[in-house]
Amino acid sequence: MKNKRISWDEYFINLLEPLSERATCDRGKNAALIVNPEIKRILATGFVGSPSGLSHCDDVGHLMKKVINEDGKTSQHCIRTIHAEANAILQAASDGPSIRGATIYTKMTPCYNCAMMIIQVGIKRVVAKKKYHVDDLSREIFKKAGVEFVVLEDEIVKYKRQ
């Protein structure tokens, strides 16, 4: 009997969980992979964490900011850390591989700021495992910019103090 191989999207999404264990903020524990879609090779990785040399949430606690969203609901965001998607983009910028035309895999829909960075660097496809609790603007600009956006599970990521 022939084994059924998982798809490339499933393969790369499955790699995010162990990567997210490097995250230094327990809110979200996100990770990201940037992949060359033609040769199926990882170009850069990123996880949620503070800039090099600065204190981590796990060590000194969160640096929280409350945001009032357009629908009037208040959400909380930790601003001590750099998001996983941004860290992956920064790693590519620092180490040199071109990510233009790449696919980025992430555990949840990228926030609006990360979505803008993804568009700006020329990433053409975003694959998220789950939805983020405020992702309407990200979805909207991906569509306007012609970036393919796929969510594999129709579920919103839940974490503390959301």
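**Helix packing, cores and selected residues**

Helices α3 and α4 pack at an angle of about 30°, and their axes lie 9 Å apart. Like everything described here, this pairing comes from a predicted model. Angles under 35 degrees count as roughly parallel, and α3 and α4 are therefore roughly parallel to each other. The crossing of α3 past α4 is left-handed. Where the two helices meet, α3 brings Glu85, Ala86 and Ile89, while α4 brings Cys114, Met117 and Ile118.

The largest nonpolar core contains 24 residues. Within this core, the residues with the most contacts are Ile34, Ile99, Ile104, Ile118, Ile123, Val126 and Phe142. Two or more residues are given to this core by each of β1, α3, α4 (112-120), β6 (125-130) and α5 (136-145). Helix α3 supplies the largest share, with four residues.

Leaving aside neighbours within four places in sequence, Phe142 is in contact with Pro110, Ala115, Ile118, Ile119, Val126, Val147 and Phe149. Two of these partners, Ile118 and Val126, are also listed among the residues with the most contacts inside the core.

A polar atom of the Asn87 side chain is 3.4 Å from the backbone oxygen of Ile82. Not counting residues up to four places away in sequence, Asn87 touches Thr45, Gly46, Phe47, Gly49 and Ile82.

Strand β6 holds another residue worth a visit, Arg125. The side chains of Arg125 and Glu148 make a polar contact at 3.4 Å. With residues up to four places away in sequence not counted, Arg125 touches Asp9, Ala102, Thr103, Ile104, Tyr105, Val147, Glu148 and Val150. Val147 is found in this list and is also a contact of Phe142.

Finally, a loop residue deserves a glance at its backbone. Lys40 is found in the loop between β1 (31-36) and β2 (41-47). The phi angle of Lys40 is near 55°, a positive value in a residue other than glycine. Is Lys40 buried, partly exposed or exposed? With a relative accessible area of 28%, Lys40 is partly exposed, because that class lies between the buried limit of 20% and the exposed limit of 50%.

Notes
Residues numbered from 1 in each chain as written. Predicted model: local features only at pLDDT ≥ 70, side-chain atom pairs only at ≥ 80, totals over all residues. Heavy atoms only, no water. Buried < 20%, exposed > 50% of the residue type's maximum accessible area, 1.4 Å probe, protein only. Polar contact = N/O pair within 3.5 Å; in protein donor to acceptor, adjacent residues only side chain to side chain. Contact = heavy atoms within 4.5 Å. Core = buried A, V, L, I, M, F, W, Y, C linked by side-chain atoms within 4.5 Å. Axes fitted to C-alpha atoms, helices over the stretch in contact; angles between N-to-C directions. Parallel < 35°, antiparallel > 145°, perpendicular 65-115°, else oblique. Left-handed = near helix turned anticlockwise from the far one by under 90°.
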